[in-house]
Structure formats: C-alpha cells, structure tokens
Amino acid sequence: MTDKAKAAPGNDAPKPSAAQETKDAQEAAAAEPFVLPSAAPGAAQGPAPDDGGLLALAALALLIGALSGLVGVTFRLVLERADVFRTAVSKAAHAGGLSGFLFFTIACAIAVSTAAWLVRRFSPFASGSGIPHVEAVLNEELPQAPFRLIPIKFAGGLLAIGSGLALGREGPSVQMGASIAHLTGQMFRRNWPDCRVLFAAGAGAGLATAFNAPIAGAVFVLEELVRRFEPRIAIAALGASATAITISRAIGGGKPDFSVEVLASASPLAHPLFFVLGAFAGFAAILYNRLLLKTMAAAAGLTLASLKPGAASTGAVIGAIAWCDVAFGVGAAVVALVYHRILARMMDDGADAAPVELRAWLIGAAVGILGWSAPGLVGGGDALTQKVLGGSEALAIVPLIFALRLVLGSVSYAAGTPGGLFAPLLVLGAQLGFVFGCVCKAAFPGLDIQPTGFAVVGMTAFFTGVVRAPLTGIVLVSEMTSSVAMLLPMLSACFIAMVVPTRLNDAPIYDSLRELTLRARADAGGD
C-alpha cells in the first residue's frame, strides 16, 4: 500500500459504485410513505389529530348540522310565509287606490331601510350574501363575526327578501350555519384548525338546508369554500349536511324544490347545441358579474346632492298626486318638505355620501312600486323558475322578465341588506336555457327537443359561469329538480360556460365580492 493511501482517512471501505448508489436511493424512496398533495407541507391543515380527536370533531359536525338545519329551515319557512303575506297585502292595498299604493310602497321602503340599518349598526359582516365573508374567514383574511350576526342576518334577510328584493335565502343560511359552527367550536374549546373545519361544515349545512340539497352542500364546501380536498373537512361536511337535511325534511318536508316533467336523454345530434348554450351562458355570466359590480359601485358613490330633487320636479310630482287625491297631495308635500330638510341637515353637517339606509329606502320604494304592479316578479324568484320548468310561462314574455330580473337582482344586492345570489341566478339560468331551447326546437323540429331540458341545463351553465363552481352547480340543480337525465348536456354546457369568462379574464363573482369586502375593511381602518 502506498504512503498516500495510508495517509488518506476513511479509505478503509471501498467507495460504492454509481449503480449501487442509485439502487440505495430507490430503496430509500420506496420505504417513505406516499403523501397526498393536499397533505403536503404548507397545506394549512394544522396538526394531524389522533383518532379520538377526529371522532370528537365528527360528533360536533353532527350537532352543528342539526342546529344549522333547524335555523335554516325556520328561515326558509318564515320567508315563504313572508312571500304569501306580501302578496296578500299587495292585493288588499289595490282596493285602497292611491292610498293603498303609497302604503305598500312606503312599507317596503321602511322594511328594506330597517334591514340596512340593522346591518350597519350591529353587524356589518351580515351585509350581502355572506359567502365572501365565510371564504375570507377560512383564508384567515378576516375575523369571524360575533354571535349577534345570526339574529341580524335572520331578521335583516326576512325584512329585505320579504319586502320583495330579488335576493336568495342561501347566503344568509350559509353564513348563519358557519357562525353556529364557530360558536359551537368555541363552546367546546376547540383550536383554530378544528374550528376552521367546523366552520366550513356549518356553511355547507346551511346551503344544504336552503335548497334541500345535502350532497350539493358538501360539494360546495370542498369546491368553492376551501377549494381543495381535505379529508377532515370532507368528513365534517358530509356529517353536518346529513343531519341538517334530516332536521330540515322532518320539519319542512322532503319534496324537491322544483317539479320537472320526465326528461328524455338528449339526442346525440342535439348534443352540440348544449355547447352553444354554454357559450351563451358564459357571456351572460360576464354581463351579470359586471353589472352587479358596477351597480354596487354606483350605489356606494351616491351623494346627497344627487338625491336632492329640484323644486320643479318636486312640484310636478306633488301636483300629479294632488290631481288624483287632494289629501294625499298635501301629504306628499309634507313628505317632500321633510325629505328636503333631512338632506339639507346632512349636507350642512358636512356629509357627502348618501347613508346606506337612504339608499336602501330608495331601492325598497322602487321594489315596492314593482311589487304593486307585478307581484310575481319580485322576491327570490322560485315561483318564476317553477313556471319556466313547468312550461307555463309564455315564451314572448320570458326575455322581458329576464332583462328585468337581471337589473333587479343587481339593484337589490346594492341595497346592503342580507341576501344571497344563488336563487336569482337559477331564475336567470332557467329563463336563458328555456328561450334557447324553444329557438332550437323551432329551428330543428326533427331533433325532438324539450325546452325544459335546456332550462335545467341553463340553470347549471349560468351558475357555473357566474360562480365558477361547476360540480356544485350540477349537483345542486340535479337535487333541486330530482332529475339526472341531463347530466351529460350539463357537463358540455358547463365546460364552455367555464371557458368563456375565464378566457376573457372575468373573475368569479365571490372572488370579486371578497376583494370588495377586504378593501372596504382596509379603508375603514380594519386590521
């Protein structure tokens, strides 16, 4: 052995060959456990609990589902009674002529402005749908609202939707379910990772109750709220939705939301038409999203000066009323005087932006006028959807109702009251699909087209274009109609409805609304 070899330390063992090194590395890699992408570091799942912790979490999910189901079904039933009451009051007020008209309009305005005041005064996070706030809490961008959000969301939603605003029940139900879950987690002293799981599960239970759609509630949690598959959240969401729908159906019944004729599977020759429907739905979704955001911006930028009518216009209105009824002409003059004085006092105090209550009052009055003239066009819109799906709506008037509801939905959401977007979206989607189906039936009589089938697919495609949650849309509409015959056309239409707005850089509506919420909090000096 040479002197150099003796001097080199660590040379007692021969150096392994490259082939041996490769073999050792492969054996070491094979010995390591396989890790799912969702369980990779940085997936924000928190520490992995033991089996006992998971069982406790599952038990709490069942409890939260039951509580959310109880609150959600109560909210739904009360809203149904409010719709009946509003229609009855509108009919009775017609017998009073002008006095009845003024009573109904002012009552709607007062109810909507009261809802806006409750939100501003006691729980600002209760404004609007609530789903953007739930997403922000899950992303740790915003804190969870205090418990008082639940009664404010319930009462404010009842006043706003019951007055005829074109808003849905699912937003309040989702946010109330999430708040119930958070409160329950705190009561049982769970840490934040566990509270986060329960929070998402409660939100899903709220959606399941709102639409009598348990599977859609669980899918909504994974696809829209957390946007990845987390086993613990999946377990909790399934359990919460199951107990929520059990309580809901025990109290409110188990019938699907919409009754639809038996649908035949679409002909292969008609299949390309659903791609075209998806494109129309995608462009309509872009229009809806931009109109909603621009309407909200316009409402937020409303100034007191712009709301102060001139003497000539005020006099003309008072004169027109007095021509019909002298007594109410005098009353209108008094109201106009008080209105001018209030605006003048606000402007003297240095106020520039119109208070949210005043904006809500004006929107409520406008909705009251529409509700007086056409009671069936206001409110969440389930009756309108059922008319389309039942084929009892005249084709000639559906496009007009679509245009009216498109604007009404945006204006209603800008009032700043509690209320969701899902139900109004389904109205528009059904009408869009129905009109498209009728046109296709006339153009291709040999394909045996059912316009109702296109209406069902239109609901899914329009929802997908607006929210960008196709699985939730497909499952939700399938459960609400109790029909799976149009699953393949739904996939085709949702595919294009996703491509169009994504390619044109139109953000999903809840992403845009969440950004507005975060920006408003930052401007207000929030953390």
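The following legends describe close-up views of a predicted model.

**View 1. Packing of helix H4 against helix H14.** Helix H4 spans residues 97-122 and helix H14 spans residues 356-373. Their axes come within 7 Å and cross at roughly 145 degrees. The crossing of H4 with H14 is right-handed. Sorted by class, the residues of this contact comprise 14 nonpolar, seven polar and two charged residues.

**View 2. The largest nonpolar core.** This core holds 111 residues, of which Phe 211, Tyr 288, Phe 422, Phe 462 and Val 467 touch the most other members. Helix H17 (residues 422-443) supplies eleven residues, the largest share of the core. Another core lies apart from this one and consists of nine residues, including Leu 118, Val 119, Ala 126 and Ala 145.

**View 3. Surroundings of Tyr 288.** When residues up to four places away in sequence are not counted, Tyr 288 touches Leu 406, Leu 421, Leu 425, Leu 428, Phe 462 and Val 466. Tyr 288 is also among the residues that touch the most other members of the largest nonpolar core.

**View 4. Ala 181 in helix H7.** Helix H7 covers residues 170-187 and contains Ala 181. The relative accessible area of Ala 181 is 0%, so this residue is classed as buried. Neighbours within four places in sequence aside, Ala 181 is in contact with Ile 64, Leu 198, Phe 199 and Gly 202. A separation of 9.7 Å is found between the C-alpha atoms of Ala 181 and Ala 205, which are 24 residues apart along the chain.

Conventions: Residues numbered from 1 in each chain as written. Predicted model: local features only at pLDDT ≥ 70, side-chain atom pairs only at ≥ 80, totals over all residues. Heavy atoms only, no water. Axes fitted to C-alpha atoms, helices over the stretch in contact; angles between N-to-C directions. Helix = DSSP H or I, 4+ residues; strand = E, 2+ residues; numbered from the N terminus. Left-handed = near helix turned anticlockwise from the far one by under 90°. Nonpolar A, V, L, I, M, F, W, Y, C, P; charged D, E, K, R; others polar. Core = buried A, V, L, I, M, F, W, Y, C linked by side-chain atoms within 4.5 Å. Buried < 20%, exposed > 50% of the residue type's maximum accessible area, 1.4 Å probe, protein only. Contact = heavy atoms within 4.5 Å.
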